[in-house]
Amino acid sequence: MNKMNKVGGEKILSIWWFFVLALVAGGIALGVFMFFSADIDVREVESGIMVNRVYDCLNNNGYLRGDVFLEDFDLYEECDINIDVFLEDGAGYYLNVSIFDGNINLFENHSRSEDLKTNCVIGQGIKTKNFPKCFFGEENFLYISEGVQKELVVKVLAVSDQKGRSLPLL
Amino acid sequence: MINKKGQPKGRENPTLVKNKRGQLGSTVTWMVAFTIIFFIMLLYLVGVGALAGSGKAFKFKDYEGDSNVDSLMGQRKLIVLLNSEIEFLGEDITIREAVVKSMSVYTQDDVFLELNIDNLDKLKQVSWLSRREALENSFVDRQKVDEVQNEMGEQENFLRSILIQRLKDECYSYFFRCPLFEGVVLSGGIGGSYYDYLDRVRTKDILKSVMNFNENGKTFSVELYSSKHIGGKCNEK
């Protein structure tokens with residue numbers, strides 16, 4: 001008889017127990033879904049990584065790599081960057097590399113989407129939400145010209161409009 | 001429901017539930033527990049929503065102002081600095097070679113042993129008197145010791161002046177550290193501690209770069225900390 005009573009008690013308790021379980025499980029599932037469905041904006045980070053990649057590619061132990069000024073120097077190929085994403089119609093990326101000796105521009109290479117650069121500049125001046133993000137770097141590299149060591153200024157601007165997607169749950 | 005004998009009614013009819021008060025208590029307990037858990041879960045969801053909504057959970061290293069500690073940019077700056085050619089006391093050498101040259105006496109086996117340190121980064125902890133003593137024990141001839149110390153002093157001062165010249169930047173403040181000296185690089189000299197530097201730059205966005213040297217089996221490092229000035233024309237967008 002005592003056993004039967006216990007079973008009855010557990011039956012009543014199990015409803016609440018079920019509610020609690022459902023609440024905890026549902027809450028965790030909803031929390032995870034909310035967290036992973038949030039937008040991730042990697043544009044600025046991506047631009048920064050791009051600039052660093054170009055610098056690392058042009059840098060040879062503090063010196064500017066020797067073949068930069070050769071006519072057949074392909075920045076994208078040498079730096080192992082996929083040129084297609086820069087040159088396609090409606091490209092989401094822009095890259096501009098220029099090398100100066102004082103005020104003299106010795107080298108310039110930029111991709112097609114100049115509008116990305118313009119929008120990024122506007123986005124830095126005023127508060128915008130969906131404008132592309134850019135990263136600008138200016139570093140001095142050593143260069144030996146006619147036996148004399150010089151310091152050249154290498155300016156790199158990378159713009160990204162690839163906002164990214166939500167992380168897939170599955 | 002108590003019968004005449006004071007026994008619960010469930011005794012006569014076993015299907016009836018006897019301990020109602022106990023069950024009521026348990027149910028109330030669970031209702032309270034449910035309410036508490038419900039609010040905890042609500043708090044959790046609000047927290048997750050706030051994190052996901054603000055994007056703070058996905059904030060990567062801040063690239064704003066191109067300054068973050070231990071970045072590649074800082075390392076490149078130090079490499080360029082150390083590979084820069086200078087005229088060092090009549091010789092055309094790089095700053096790296098000038099640093100090695102200034103340290104050359106201390107990298108000698110006998111002097112190093114007398115210094116009683118395991119690596120040359122600890123040289124700063126050795127007092128001037130102890131250094132002098134180590135040189136005297138190694139060179140025997142006092143006149144030679146004076147010569148060596150004078151030469152080293154000259155090299156150190158020249159190195160300081162070169163660094164002041166090279167690290168003059170209107171947008172960045174630098175802190176240089178090598179076994180011989182350390183300090184904030186200012187237009188008038190190199191001096192002060194790292195805390196003075198932190199106090200001066202007033203930012204945590206400091207690029208730290210380190211270059212390790214190994215001369216004659218003795219190791220030491222050169223460190224350069226740089227930080228971009230806050231505000232002003234250096235940060236104009």
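This report describes a predicted model with chains A and B, from overall layout to single residues.

## Basis of the model

The model is predicted, and local features need pLDDT of at least 70, side-chain atom pairs count only at pLDDT 80 or more, and totals for chains, interfaces and linings use all residues. Residues are numbered from 1 along each chain as its sequence is written, while chains are lettered from A and ligands numbered from 1 in the order in which they are written.

## Overall layout

Chain A has two domains, with domain 1 covering 1–38 and domain 2 covering 43–160; domain bounds come from an automatic or database domain assignment. Between the C-alpha centres of these two domains of chain A the distance is 57 Å.

Chain B contains seven helices and seven strands. Helices (H or I, at least four residues) and strands (E, at least two) are DSSP runs, numbered from the N terminus. Read from the N terminus, the order in chain B is α-α-β-β-α-α-α-α-β-β-β-α-β-β. Of the 237 residues in chain B, 21% are buried. A residue is called buried if 20 or more other C-beta atoms lie within 10 Å of its own, exposed if 12 or fewer, and partly exposed in between, with C-beta atoms placed from the backbone. Two residues are in contact if their C-beta atoms, placed from the backbone, lie within 7 Å. In chain B, 52% of the contacts between residues at least 6 apart in sequence join residues at least 24 apart.

Helix α5 of chain A spans residues 114–125, and its 12 residues reach 17 Å from first C-alpha to last, close to the 16 Å expected at 1.5 Å a residue. The expected span is 1.5 Å times one less than the number of residues in the helix. Three residues of α5(A) are buried: A:L116, A:N119 and A:C120. They lie on the same side of α5(A) because they cover an arc of only 105° around the axis; the arc is that of the directions from the helix axis to the C-beta atoms. An α-helix has 3.6 residues a turn, so residues three or four places apart point the same way. A:E114, A:I122 and A:G125 are exposed on the other side of α5(A). The packing partners of the buried residues of α5(A) are β3 (93–101), β5 (133–145) and β6 (148–160) of chain A.

B:Q155, B:L159 and B:L163 are buried in α6(B). The buried residues of this helix pack against α3 (95–103), β3 (172–177), β4 (182–186) and β5 (189–191) of chain B.

## The largest nonpolar core

A nonpolar core is a set of buried Ala, Val, Leu, Ile, Met, Phe, Trp, Tyr and Cys residues joined through C-beta atoms within 7 Å. The largest one has 58 residues, and those touching the most other members are A:L64, A:F141, A:A158, A:V159 and B:F176. Strand β6(A) gives the most to this core, with six residues.

Leaving out residues up to four places away in sequence, A:F141 touches A:L58, A:N59, A:G62, A:Y63, A:L64, A:L152, A:V154 and B:V80.

## Paired strands and their turns

Strands β5(A) and β6(A) run antiparallel and are joined by 13 bridges; two strands pair if DSSP finds at least two bridges between them. A:F135 stands opposite A:A158 in β6(A). Two residues lie between the strands of this hairpin, where A:E146 takes a positive phi near 50°. A:I144 belongs to strand β5 of chain A and counts as exposed, with 12 C-beta neighbours inside 10 Å. A:I144 and A:G66 are 78 residues apart in sequence, yet 8.8 Å apart in space, C-alpha to C-alpha.

In chain B, β6(B) and β7(B) pair in the antiparallel sense over nine bridges. The bridge partner of B:N212 is B:S221 in β7(B). B:N216 sits in the loop between β6 (207–215) and β7 (218–228) of chain B and is exposed, with 12 other C-beta atoms within 10 Å.

## Positive phi in chain B

Most residues other than glycine have a negative phi. B:N216 has a positive phi of about 55° although it is not a glycine. B:L89, also not a glycine, has a positive phi near 50°. B:L89 lies in the loop between β1 (85–88) and β2 (91–94) of chain B and is partly exposed, with 13 other C-beta atoms within 10 Å.
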